[in-house]
Structures are given as C-alpha cells and as structure tokens.
Amino acid sequence: MGDLQRGQGCDVLVAQMRISRRKAIRGLVGMFGAAPWLEAQDYSDPLYGPINVMEFAEAARKKLDPLAWDYLDGGSEDEVALRDSREAFNRLILRPRMLVNVQKIDLSLELLGQKLAYPIILDPAGGKNCFHPDGENTVARAAVNAKALHITNGGIDEMVEAGKGPQWWQVTTGGQLRTAQTMRPFVKRLEAMGCSGICFTVDIMHVSHRERDIRNKLERAWCESGLPKRDALGKLPEAKNPWRVGIYPERPFPTPTWETLSELCSATKLPVIVKGILTAEDGERCVKHGASAVIVSSHGARQLDHVGATIEALPEVVKAVHGRIPVLVDGGFRRGTDVLKGLALGAKAVCVARPYLYGLAAFGQRGVERVMQLLRTELALDMGLAGVPNLAAIDRSLVRWRGEAR
Ligand SMILES: Cc1cc2nc3c(=O)[nH]c(=O)nc-3n(C[C@H](O)[C@H](O)[C@H](O)COP(=O)(O)O)c2cc1C
C-alpha cells in the first residue's frame, strides 16, 4: 500500500471511530432524554479543547502572529484600564438565593422591539481580517447560527447578505455623519438594507496610543487586508505608515457633537444606540438628545486610559438614565458570572468583543459560535446556581461590592 493509500485508510479508520463515538453520544442522549449537557459534542475535535473564554484566548495567542495578537488583546498607554476591567469583577460579590425553582432557565429578552435568545451581543470590531480571512462576514454568519445580535462595521451589502439575523450598524466619525446631506442618504440606505439599529461609537474621535502596536510598528491597514506573510527570516515587510507617537492630534473636519446625535436620531426611524458612555452626565445627555439606548463602554480599554472598569461606571449611568432607555455594557466580560453581575447592576444586556475574536482567531466561524455557546450556557448555569430562573428575577440585590453594608 502506498503512503497515500495508507494515509487514506488511516483517515477512514479515524472517521469511522468518530462516527461510532458520535453514535455512542447520541445513544446516551437518547437514554437520558434531551438533557442540554448531553448535547452531542465530538471531543476529539480540537474545537472542544478550550473550555472557557480564557482558554480560547490562549488558543488564539498560539495561532496568531504576535503582531495580530497584540492588536487584538492590547489596550492603550499603560493598560491600567485594561487591567481594571477584569479586576473590578473580583470586587463584586454575588448574593445567591436558595430554594427557588430553577428547573428551567430562561435567558430570552426583548431589546428595542427585537426578541433576543440571550442577553449577550457581539460588539463591533474593526480589523478582523488580521485574525481570520473574511473576518467580518465570518462573524456575521456565526452570529446568525449562535442566535445573537451582531453590531457590525463591515461593507453594508455583503454584511446583510452574510448575516440574516438582527444587526446593528456601527458608525463613528466617518464622513457619513459630517453633514445632514451625507447623513440622511446613509441612514436611509441602512434602513432599506434591513439593519435594525445604528450604533454610534463616540469614544474614538482620536486614535489612542496603543503602545504594543506602536512598538510592533504595526501598519493599521494590514488589519483590513490581512497581515502580510513573514519572509524566510521571519521578517514582515517594512510598514509604510506604522502606528507612531509624537504626532499632534488633529482631524481635518470637526468631530461629531451632541447636535450630531440629535440630527442622526431625527434622520432615521431606526433606534440609535450610543456606544462609549462612562458618566451619569453623558447618560442624561443621551436621553435628552434622542438616543434609544446607551452602551457603557471604554472601547475595550483601547482609547482613554485610567477610566476605570466599565462595571464601575455602569451604576451611575443606570441611575442617571433611570429606566428611560436601556443601558448596555461591555468591557472585560469573560464569564457567565461577569454577565450576571452586569445584569444585576442594571444592564439590559452585555456586549463582548475579544471573547468572540479569540474564537475567530483560533477556529474561524465555529470558534465564534462555540465561544458564544460557552458564555450563554455559563450564564444559564450561574443563574440556576444563583436562584434566578429568568432575567426579570435579576436585580441589584443579587450583588454587593466587597465592604458594602447591607
Ligand atoms: C480588535 C478590536 C477592534 C475593535 N474595533 C472597534 C470598532 O471598530 N468600533 C467600536 O465601536 N469598537 C471597537 N472595539 C471595541 C469593542 O467594540 C468593545 O467596546 C470592547 O472591545 C469590549 O471589551 P472586550 O473586548 O473586553 O469584550 C474593538 C475592540 C477590539 C478588541
């Protein structure tokens, strides 16, 4: 038998073993009924190696070029806010409730008139092509399979084509918002394409110093096209326009203001969700200027450093907004318990970026889907353990800050 044939024989054997393993798993599921923890998963598949978001991060780090990894995982300047965004969760303690019937856990909700299967949303993230080819469309397809809302910033036509699920479109300082003349046709187009919301990111009027990327001489355009291949000596081509320091910040046009938000809200019948709010005052302004929702966010600690953790900013925004519009939050959510804490502090839903990007980098579309499945099932399990069978049962009494008197 030639090598090729032998190799094929071996593949067939492995495939047969896989099939019989799958059969056995299905048999077990039959025996115990359709218990969700017995859902058929082929554990010889490397996808099932990582068992939580942090292990997906490790898988992504091993797979990616170090430059792409730093772009994905890094924060700005001293990365103080980045560290805070994780550490703050340890200062929040869950207060579980016993002897509640938690036979069935219901994660469903309605957000801005849209029914969602669970309160975890995929955040916008630019530069996905340096983690996976055709990254934006891949994530859009994964979001549909994962039954999750996706906030996208890819090319409109392909995106709507790739993702038939609910999608919000993300805008920042781009030309579309410059004048009413450019804004109106743009939002009409989004409406016609079937987007269900416009996410207006307000914390990136200038791009911060991401010092890992600066040291790496990363060319930001590479993240759009995909990182170029390293040569035989392991060197990347020299960047034509590397990320640099010592350049005075200025923009060729005025940056958007609260009036821009008012204009945007009046130009469209779609809900406008303002992303990047960190204070009570700005939460109040969002309501006043017509926003339909806010996302408490520090851009994943990638913009202004030293802003603390978003989970720390959330309570003041929730208080200021006072139930008039939904408040969402993102930044450092890696566990079901983190999501539960966010919901307990008044967030209607939690958004994530790096977690699904780790999945994307490590395993493509299936990785994104798996990460969302892990987060969703962890949240359900944690709710079951905390005595809250549905989202309506979650309130502020479910958490306390360490040292906070009850
Ligand atoms: C690689 C990367 C690219 C991002 N690009 C954008 C973007 O284009 N627009 C935006 O509003 N936020 C962007 N963000 C911020 C995320 O939307 C989100 O606010 C933040 O990353 C959430 O924190 P987490 O990554 O800890 O979940 C990006 C984040 C990452 C990690």
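This is a predicted model: local features need pLDDT of at least 70, side-chain atom pairs count only at pLDDT 80 or more; totals for chains, interfaces and linings use all residues.
Residues are numbered from 1 along each chain as its sequence is written. The mean pLDDT (the predictor's confidence in each residue, from 0 to 100) of the chain is 90, with 88% of residues reaching 70 or more. Residues 1-15 have a pLDDT below 50, and beyond near neighbours in sequence this stretch has one contact in the model; a contact here puts two C-beta atoms, placed from the backbone, within 7 Å. For residues 28-34 pLDDT also stays under 50, and the model has five contacts beyond four places in sequence.

The chain comes to 14 helices and twelve strands, taken as DSSP runs numbered from the N terminus (helices H or I, at least four residues; strands E, at least two). Of its 406 residues, 43% count as buried, that is, with 20 or more other C-beta atoms within 10 Å of their own, against 12 or fewer for exposed and anything in between for partly exposed, with C-beta atoms placed from the backbone. Among contacts between residues at least 6 apart in sequence, 69% join residues at least 24 apart.

Helix 3 (residues 66-73) has Leu67, Ala68, Trp69, Tyr71 and Leu72 as its buried residues, and these pack against helix 2, helix 8, helix 9 and helix 14. Two of those partners, helix 2 (53-63) and helix 14 (354-386), also pack on each other, at about 170 degrees and with axes 10 Å apart. The axes are lines fitted to C-alpha atoms over the stretch in contact, with angles from 0 to 180 degrees between N-to-C directions. The two helices are therefore roughly antiparallel, the label for angles over 145 degrees.

As for the ligand, 23 residues sit around it, and Asp123, Gly126, Gly300, Ala353 and Arg354 come nearest; being near takes a C-beta atom, placed from the backbone, within 6 Å. Helix 14 turns up again here, giving the most to the shell with three residues.

Finally, glutamate 284 belongs to helix 11 (residues 280-288). Glutamate 284 is partly exposed because 17 other C-beta atoms lie within 10 Å. Alanine 320, 36 residues away in sequence, lies 5.8 Å from glutamate 284, C-alpha to C-alpha.

Note on methods
Angles under 35 degrees count as roughly parallel, over 145 as roughly antiparallel, 65 to 115 as roughly perpendicular and the rest as oblique.
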